[in-house]
Amino acid sequence: MDARTVKTIEDAKKIVEARGLSHVKVGLFDNDGIMRGKYMSKEKFFSSLDNGFAFCDVVLGWDAKDQLYDNTTYTGWHTGYPDAPVKILPDTCRDVLDEDGMLLFIAEFDEQASSICPRATLRRVLDQYDALGLNVFAAFEYEFFVFKETPHSIREKNYHDLEPITPDWFGYSMIRNSTYLELYQQLLGLSQTMDFPIEGLHSETGPGVLEAALSVDSAMNASDKAALFKTYTKVLAQRNDLIATFMAKWSNDYPGQSGHIHISLQNKDGSSAFYDANGQHNMSPLQRHFVAGLQRLMPEMLCMVAPTVNSYRRMIPGFWAPTHATWAVENRTTSLRVIPGSAKSQRVEYRIGAADGNPYLALAAALASGLCGITNNWEPGESIIGNAYEQEIPDELKLPATLWDAAQRFKASRYAKEILGEAFVEHFAASREWEEREFRKAVTDWELKRYFEII
């Protein structure tokens, strides 16, 4: 039985029995898109399929370094960190890299915990599209740097003088992908084994940087695939004594790392909701409203798409990252790139996102914004012609420059609360405020070099 044919609880039990497994892997994704999970015995797994299981809610109450939020309502020391209900999703079943016969299942927080669970938050947005008779499709693209380092060596070097797998700037290099063919082929093989197919894989411009474009799928499947791609690309690298990083910008000398999302909408009959052969650039009125929502609410939703302090280091003019809520047709200097084509290919590329974003939340932010544009019949501003970095942008379309400012805009957004839920907005905004406060406690190298001797 093939893992990806599993759809029901009974299917899940049958494949475990057929493979003679004593344990399976079960994982879920936290606020920052980090996969947390465990090996689970067959008996516990079968019981959990039928009845759900419990997972400590600290997973929703700590940061990327397991430090506990001190400012959230749902979970914290004041609640005692109880278990929260979790449901296993049979149709997420996958084979696992280098674990013969092992199976992986994704889980999702249930009941009250679902109000702040990233995957459940995306599900709520998708339900609203379904109610409008629309299906959402998406495809994620990620840039990531790979180094000849290990988790131990990067710490021994204090994250300085790291050695990329390749030197210099050499985008789309056939030399690089042929010289390092084993790594490229392993990545392609991994993507097939675990069902997050890579449509394109190439070197990007910078030392040791790769870009992978994942194949399009329905929105939830696409997000699962993106989250698993990030997780298991890191696993594959470390099993080869390498390190892959998806942080937004690791060096002042090189461009940041993007996490772009291509989005299209279909009607329930399978026809494109974005394509209109008689519209300018083949854009239907609905696509225009969708783009208008993305543009207008980008400043309010930014912390879901740029969720770390480091995210804002990337948004610098001239380094291939957009800096304001702009749109254009086939223009990579803007935040939104409308890609005209056929009924099959008409779409919009949401280019503001960095590689450090949680895929579920980045897509939820984009779709929540687009939904407001559709339901309110908003129209986008004038499209950009030429270089967006050099043009004057209205104040309302300028993006917050820091994570703290972005969290304040998000916390005050009535549209975010309406679409995503007040509980989620409160919780996630607080988690970003925590992240920024943790940064403010740190003394940086820049400060030492600037002030230590001279000031």
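How many aromatic pairs does the count come to? Rings of Phe, Tyr and Trp (its six-membered ring) are taken as a pair if their centres lie within 6.5 Å, with planes under 30 degrees apart called stacked, over 60 edge-to-face and the rest tilted, and by this rule there are 26 aromatic pairs. One of them joins phenylalanine 45 and phenylalanine 105, whose ring centres are 4.7 Å apart and whose planes meet at 45°, so that the pair is tilted. Because phenylalanine 45 belongs to helix H2 (residues 42–51) and phenylalanine 105 to strand E6 (residues 103–109), this contact ties together parts that are 60 residues apart in sequence; helices (H or I, at least four residues) and strands (E, at least two) are DSSP runs, numbered from the N terminus. Phenylalanine 45 is buried at a relative accessible area of 0%, and phenylalanine 105 is likewise buried at 0%, where buried means under 20% relative accessible area, exposed over 50% and partly exposed in between, for a 1.4 Å probe and protein chains only.

The rings of tryptophan 378 and tyrosine 415 have their centres 5.3 Å apart and their planes at 85°, so this pair is edge-to-face. It links distant parts of the chain, 37 residues apart, with tryptophan 378 in the loop between helix H10 (359–375) and helix H11 (403–411), and tyrosine 415 in helix H12 (residues 414–420). Both tryptophan 378 and tyrosine 415 are buried. Elsewhere, ring pairs gather Phe140, Tyr142, Phe144, Phe196, Phe229 and Phe246 into a cluster.

The model is predicted, so local features need pLDDT of at least 70 and side-chain atom pairs count only at pLDDT 80 or more, while totals for chains, interfaces and linings use all residues. Residues are numbered from 1 along each chain as its sequence is written, and side-chain values use heavy atoms, with hydrogens and water left out.

Turning to charged side chains, a search of the whole structure finds 28 salt bridges, each being a side-chain nitrogen of Lys or Arg within 4 Å of a carboxyl oxygen of Asp or Glu. Lysine 268 forms one with aspartate 130, the closest N and O atoms lying 2.4 Å apart. Since lysine 268 is in the loop between strand E12 (261–267) and H8, and aspartate 130 in helix H3 (residues 118–131), the pair ties together parts that are 138 residues apart in sequence. Lysine 268 is partly exposed at 45% relative accessibility, as is aspartate 130 at 43%. Aspartate 217 and lysine 225 form another salt bridge, with 2.6 Å between the closest N and O atoms; here aspartate 217 counts as buried at 19%, and lysine 225 is buried at 8%.

Helix H8 (residues 285–305) has 21 residues, yet its end C-alpha atoms are only 26 Å apart, short of the 30 Å that a straight helix would reach at 1.5 Å a residue, the expected span being 1.5 Å times one less than the number of residues. A kink of about 75° lies at methionine 298 in H8, shortly before proline 299, where the bend is the angle between axes fitted to the seven residues ending there and the seven starting there. Of the 21 residues of H8, 17 are buried, so the helix is largely enclosed by the rest of the structure.

At the surface, phenylalanine 452, in the segment after helix H14 (445–451), counts as exposed at 69% relative accessibility.
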